[in-house]
Amino acid sequence: MFSPYCNNNLHNIVKIKRHADLTYSFINHWMHIRKQSSVITNKIEVSSTNELTDETQFYALEKSVTPLCRVPYERQLILKQQWTNTVCKELRSRLHKAKTMIRLPKVFPISSSPQINEYRNKDEFNFRPGIDGNPKTLGFFVSNPSNGNMYCVPPMKLINMKQSHKDIAQAFEVFVRKSELPASYDHMDGGFWRGIIVRSNLKGDKMAIVVANPRGYTNDIMLDEQRRFNDFLKSININIQSLYFHPSLHTRSSKDSTFILVDGDKYIYEDLCSFKFRISPDSFFQINTLTAEVLYDELFKLINPTKTSTLLDLCSGTGTVSIIGSQHVQSCVGIESVAQAVNDAKETAKLNNIPNCDFIEGKVEMVLKHVMDELSMASNLCTVLNPGRAGVHPKVINAIRNNRLINSLAYVSCKADSPITMKNLVELVVNNKKTRPFTLESIKPVDMFPHTKHCELIFMFKR
């Protein structure tokens, strides 16, 4: 199931509160951080007696996707600053249990988002039955508290989503409802239509990726449906710069790398921090472009590199940190396990005439030693680890700790309270007899996701 923010799982059950407005006391209750299974959790406690209806379904989705949208933005920032402090204290508590005493790091004030509405540059929509029973309803999933059933709710009232994305999603739903082919909820159910991904840039260029289950369908059928949808978009004057078809045999489409260009340009491009980035169908790119500029500006303030520095970019993705950092350092080396992401990074470096970036395909824990052997003479090594919400395997942390050249590390996380991420942070600092631990010096929050309970945190480690 796709998520409308930072890939967070929308299967989390959300229930409807009787009162239409979020009061201060409710928000304070929401922000009460509880320990459950040794994980920091933020949960909305609401009544279980309410039932989803045609009218309440949109409010239920709002509560799930943008739970803070009715809270003044200044107040949202205060809540996220408090949450950052709680993450800091939780980390100290875990280290205390691990018999490692630390001083609390400096927690900087949160940086706000320059754009708080319609900021998302990527959205993913799936099919499920709607509250009216239509099996071809496109949107996000919400559970009905009265019976536990999962329903699909259209995204039309979500304020963090661009109208152009909603228009494409609505057009796709109309087209699929007229199609004789069934929707697919699972890769083994015999259905065809799975969903659509919409990407865009600040300029307004749009890319759409139709996701379908090809199991049991001939190439002729798939080609015909691709052509028909492309013709349908043109007939209703929806202009898409790049239209793809993505056949996926797996439950998660990310496991398949087949993207068929149906019409338009192969890529769209985005300007970020004065650089031009190539975006392909499965490229990772920060969801809020304008706030990404704030994030990277704050990141390099903390790293404070010089023209003699070498930037080591771990889990480099499409090379954003390296490309932006290239202007501050002597050279950059990015390590990334996804081949397409490495190709995008290399092409973006060429596009911007950047000669001092090198990108290596491979798992960090497997290739780091070889890379560090090559960098054995480098001075002032600056390291960035940006693994996404899932954190990294313990082998990655072990590889970092075992390398004596890495004495400065910025860990960037969009979900710092996830079990793996929290474990990563502890393992960097905890005492052991084999390697020298890091010290967590500071934490910088950046609000990448207005109206949600999430924000980016930059953890600055030194040793």
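**Close-up 1. Packing of helix α10 on helix α11 in the predicted model.** Helix α10 (residues 394–402) and helix α11 (residues 419–429) pack with their axes 10 Å apart and at an angle of about 25 degrees, where axes are lines fitted to C-alpha atoms, for helices over the stretch in contact, and angles run from 0 to 180 degrees between N-to-C directions. That angle makes α10 roughly parallel to α11, given that angles under 35 degrees count as roughly parallel, over 145 as roughly antiparallel, 65 to 115 as roughly perpendicular and the rest as oblique. The crossing in which α10 passes α11 is right-handed; a crossing has this hand if the near helix is turned clockwise from the far one by less than a right angle, and is left-handed if anticlockwise. On the α10 side Pro394, Ile397, Ile400 and Arg401 meet Lys423, Asn424, Glu427, Leu428 and Val429 of α11, contact meaning heavy atoms within 4.5 Å. By class, this contact has 5 nonpolar, 1 polar and 3 charged residues (Ala, Val, Leu, Ile, Met, Phe, Trp, Tyr, Cys and Pro count as nonpolar, Asp, Glu, Lys and Arg as charged, and the others, Gly among them, as polar). Residues are numbered from 1 along each chain as its sequence is written. Because this is a predicted model, local features need pLDDT of at least 70 and side-chain atom pairs count only at pLDDT 80 or more, whereas totals for chains, interfaces and linings use all residues, and side-chain values use heavy atoms, with hydrogens and water left out.

**Close-up 2. Packing of helix α9 on helix α10.** The axes of helix α9 (residues 364–374) and α10 come within 9 Å and cross at roughly 15 degrees, and the two helices are therefore roughly parallel to each other. In this pair, too, α9 passes α10 in a right-handed crossing. Val364, Glu365 and Leu368 of α9 meet Lys395, Val396, Ala399 and Ile400 of α10, and the residues of this contact divide into 5 nonpolar, no polar and 2 charged. Helices (H or I, at least four residues) and strands (E, at least two) are DSSP runs, numbered from the N terminus.

Close-up 3. The 7 strands follow the order β6-β5-β4-β7-β8-β9-β10 with mixed pairing, two strands being paired if DSSP finds at least two bridges between them. At the edges stand β6 (150–153) and β10 (260–264), each with a single partner strand, so one side of each is left without a neighbour in the sheet. Neighbouring strands of this sheet are turned against each other by 35 degrees on average, direction ignored. Strand β9 (residues 242–247) runs antiparallel to β10 and is joined to that strand by 4 bridges, with Leu243 standing opposite Asp263 in β10. Helix α4 (residues 163–178) packs on the sheet, touching β4 (122–128), β5 (137–143), β7 (193–200) and β8 (206–212), and the direction of α4 makes about 155 degrees with that of β7.

**Close-up 4. Crossing of helices α4 and α5.** The axes of α4 and helix α5 (residues 219–235) come within 11 Å and cross at roughly 130 degrees, which makes α4 oblique to α5. Their crossing is right-handed. Ala171, Phe172, Val174 and Phe175 of α4 make the contact with Glu225, Arg228, Phe229, Phe232 and Leu233 of α5, and by class this contact has 7 nonpolar, no polar and 2 charged residues.

Close-up 5. Strands β17 (residues 408–413) and β19 (residues 456–462) run antiparallel and are joined by 6 bridges, while Ala410 stands opposite Met460 in β19.
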